[in-house]
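Reader: Can you walk me through this one? I'd like to talk about pockets, cavities and helix packing.
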Amino acid sequence: MPTPPRYGVYTPLVTFFNADESLDIPSTLTHATRMAAGGVAGLVLQGSNGEAPHLDHAERQLLVRSIRIHLNEQGYSNLQLIVGCGAPSVRETLVHITEAKESGADYALVLPPSYWAAAMSAAVIESFFEDVATSSPLPILIYNFPAVTSSLDITSDSIIRLAQHTPAIVGCKLTCGNLGKLTRVTSSLSRNSFSAFGGKSDFFLPALVAGSTGIIAALANIAPKVHVKLLELYNSGDLKAAQELQAKLSHADWALSKVGVVGVKAVIEHFFGYGSGRGRRPLGGKK
């Protein structure tokens, strides 16, 4: 029986590029090490912040394999790797998942297909996830992020049905920010079989109160230790201190949202001295 991801902070890792837009593997590995040393429970690779749509199959495999090997060598073999594997078809999604598993992934994070958005009824979306999960070599997390899927917003009803009837579906990431949805999911499913994650630092503490298994948040690329600290404060029952830290995270997350994915990388370069604020075109960044 598949087990869900562990409770904790997960960083949706950015992908660094060189001036010619080739992968900057050394900087990406340096970044992965800083996250691990910061106390995160795992990394999410090739998600939205990892610029997954800009990577080809070989690059995706190289990134996962390189990070897995590097973390093992650095003594962080316990860190879990959740890898973005969404694609427009069941067939292509399964190819991504198979390649991710062969490269060292522990879980697959899957967006709903959105090219034919008008045809994506709840029944079609549920069928897609059932078909993927039935043949997947990795446990699946549903990724709900309407901003990158033509406004498709997977309902709590769909998530709960899929989790109850498809054992390989073991979690979700709700970047939509709907705390009511998160509460409905966490109150309907056991944490022993399903991990529901809030998807932004902006609502980290409220998500924990709603039953989130931790957080998967872009701001953790900048300040992993702060996120781990908030989790510790919440777990210890120090709600006042957790609220004060959440206020700082909410302001920081709002500022970060204004600069986008390449802005996150530019902040890392400025304050930590590795990588660069480059994205693959058409995303902006250094020329």
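Author: Helix H3 (90–103), helix H9 (239–257) and helix H10 (260–272) each give at least two residues to the lining of the largest pocket. Helices (H or I, at least four residues) and strands (E, at least two) are DSSP runs, numbered from the N terminus. This is a predicted model: local features need pLDDT of at least 70, side-chain atom pairs count only at pLDDT 80 or more, and totals for chains, interfaces and linings use all residues. Residues are numbered from 1 along each chain as its sequence is written, and side-chain values use heavy atoms, with hydrogens and water left out.

Reader: How much space lies in the largest pocket?
Author: About 850 Å³. A pocket is an open set of points on a 1 Å grid over the protein atoms alone, where a 1.4 Å probe fits, with protein on both sides within 12 Å along at least five of seven lines. Volume is the space filled by probe spheres set on the points, which are joined across faces, edges and corners.

Reader: Which residues lie nearest its centre?
Author: Gly47, Ser48, Tyr143, Phe145 and Val148, out of 39 lining residues. Lining means an atom within 4 Å of a point.

Reader: And the lining by class?
Author: 19 nonpolar, 14 polar and six charged. Ala, Val, Leu, Ile, Met, Phe, Trp, Tyr, Cys and Pro count as nonpolar, Asp, Glu, Lys and Arg as charged, the others, Gly among them, as polar.

Reader: How many cavities of 30 Å³ or more?
Author: Two. In a cavity the probe fits but cannot get out. H2, strand S3 (80–84) and H3 each supply at least two of the lining residues.

Reader: Switching to packing. At what angle do H2 and H3 cross?
Author: Roughly 30 degrees, with the axes of H2 (residues 57–73) and H3 coming within 8 Å. Axes are lines fitted to C-alpha atoms over the stretch in contact, and angles run from 0 to 180 degrees between N-to-C directions. So H2 is roughly parallel to H3, a term for angles under 35 degrees.

Reader: Who makes the contact?
Author: Among them, Arg60, Gln61 and Val64 of H2, and His96, Glu99 and Ala100 of H3. Contact means heavy atoms within 4.5 Å.

How values were computed: Parallel < 35°, antiparallel > 145°, perpendicular 65-115°, else oblique.
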